[in-house]
Amino acid sequence: MHFLRGRLLILSILLTGVRDGGFLVSKHSVRTIYNNGFQMTEGGNVESWILRIMNGGTFACGASYYSPRIALTSANCIHAYRHRLAELSLKFSSTNEEDPVDEVRILAVYVSKDWRWTENYMDIAVVKLSHHLREHFKNFVQLCRRPLNSHHRLMVVGCDIGPDEDLRSEQIEILGRMECEDRYGNFVLGETLACAKELIRSPGCLFDAGCPVTSDSQLCGIVAPGPACKSRLPGLFTDVYEVRRFIFKAVHMGKFRTAKVESWFSI
């Protein structure tokens with residue numbers, strides 16, 4: 001009987017999640033509905049791991065919940081608050097009664113030593129949280145195992161929303177490197193970057209820095225700051241596949257390095 005229960009438990013784990021970088025994550029699909037010409041997320045699947053970094057009551061950056069104490073965002077976006085990390089908090093983009101904590105503070109931020117502010121090469125920040133927003137090992141984001149341009153269906157999610165608004169998402173089309181560089185002219189595009197255009201122009205701009213680009217339940221890209229919203233240029237995204245090794249390195253370092261105050265590390 002104990003043997004049978006053990007087999008059933010293992011089967012349950014395999015059906016509900018997979019391990020990525022040492023953390024158990026779930027594989028819920030991302031559903032969208034069509035409303036007035038643009039797409040919106042439906043249900044809690046996407047919302048369950050999308051975070052917002054808040055500066056008081058103001059949206060600062062989007063983020064993705066990777067593990068109980070780790071979130072991922074854009075280095076260029078959060079850099080503006082480098083000396084004011086204590087003033088920032090992270091919260092879910094939607095409320096869930098199962099989540100015991102409303103918001104948490106930032107303990108440390110890890111960026112690549114190869115990244116430079118305003119440049120978009122290695123525009124990725126691993127954020128260590130002061131506490132768990134969610135204790136159970138489910139509904140954390142899974143990282144894509146293939147480059148952005150190899151996915152047939154990608155969605156960008158706009159997470160700069162009001163308290164009573166639903167998350168919005170839009171399908172995007174990845175552009176070739178030459179076309180992207182031609183559109184941006186003298187603006188230098190880093191090797192870890194991709195750009196894409198919306199398939200359907202939706203009201204407003206969905207390219208909120210730090211917010212996710214998804215394929216099913218996976219995080220494939222992170223919106224990078226850029227002129228897209230003001231100039232209607234293609235959106236810029238850090239290709240998560242290209243920065244996976246740094247993410248794993250920073251998460252591993254965050255496990256063993258304890259910061260007593262809010263800190264910024266280049267590794």
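This is a predicted model: local features need pLDDT of at least 70, side-chain atom pairs count only at pLDDT 80 or more; totals for chains, interfaces and linings use all residues.

Trainee: With which residue does arginine 177 form a salt bridge?

Mentor: Side chains of opposite charge can pair when their charged atoms come close. Here, arginine 177 pairs with glutamate 181, and their closest N and O atoms are 3.3 Å apart. The two residues are 4 positions apart in helix 3, so about one helical turn separates them.

Trainee: How many salt bridges does the structure hold?

Mentor: There are 3. One of them joins the side chains of arginine 84 and glutamate 87, at 3.4 Å from N to O. Another joins lysine 113 and aspartate 114, at 3.8 Å.

Trainee: How is a pocket to be read, and which residues are closest to the centre of the second largest pocket?

Mentor: Rolling a probe the size of a water molecule over the atoms shows where empty space is left. The second largest pocket holds about 220 Å³ of space. Among its 17 lining residues, Asn149, Leu175, Arg177, Leu193 and Ala194 are the closest to the centre. Strand 14 contributes the most to this lining, with 3 residues.

Trainee: Which residues of helix 5 are buried?

Mentor: They are Arg244, Phe246, Ile247, Ala250, Val251 and Gly254. These residues cover an arc of only 155° around the axis, and therefore lie on the same side of helix 5. The face turned away from that buried side carries the exposed residues Arg245, Lys255 and Phe256.

Technical notes:
Residues are numbered from 1 along each chain as its sequence is written. Side-chain values use heavy atoms; hydrogens and water are left out. Buried means under 20% relative accessible area, exposed over 50%, partly exposed in between (1.4 Å probe, protein chains only). The arc is that of the directions from the helix axis to the C-beta atoms. On a 1 Å grid over the protein atoms alone, a cavity is a set of points where a 1.4 Å probe fits but cannot get out, and a pocket is an open set with protein on both sides within 12 Å along at least five of seven lines; lining residues have an atom within 4 Å of a point. Grid points are joined across faces, edges and corners, and a volume is the space filled by probe spheres set on the points. A salt bridge is a side-chain nitrogen of Lys or Arg within 4 Å of a carboxyl oxygen of Asp or Glu.
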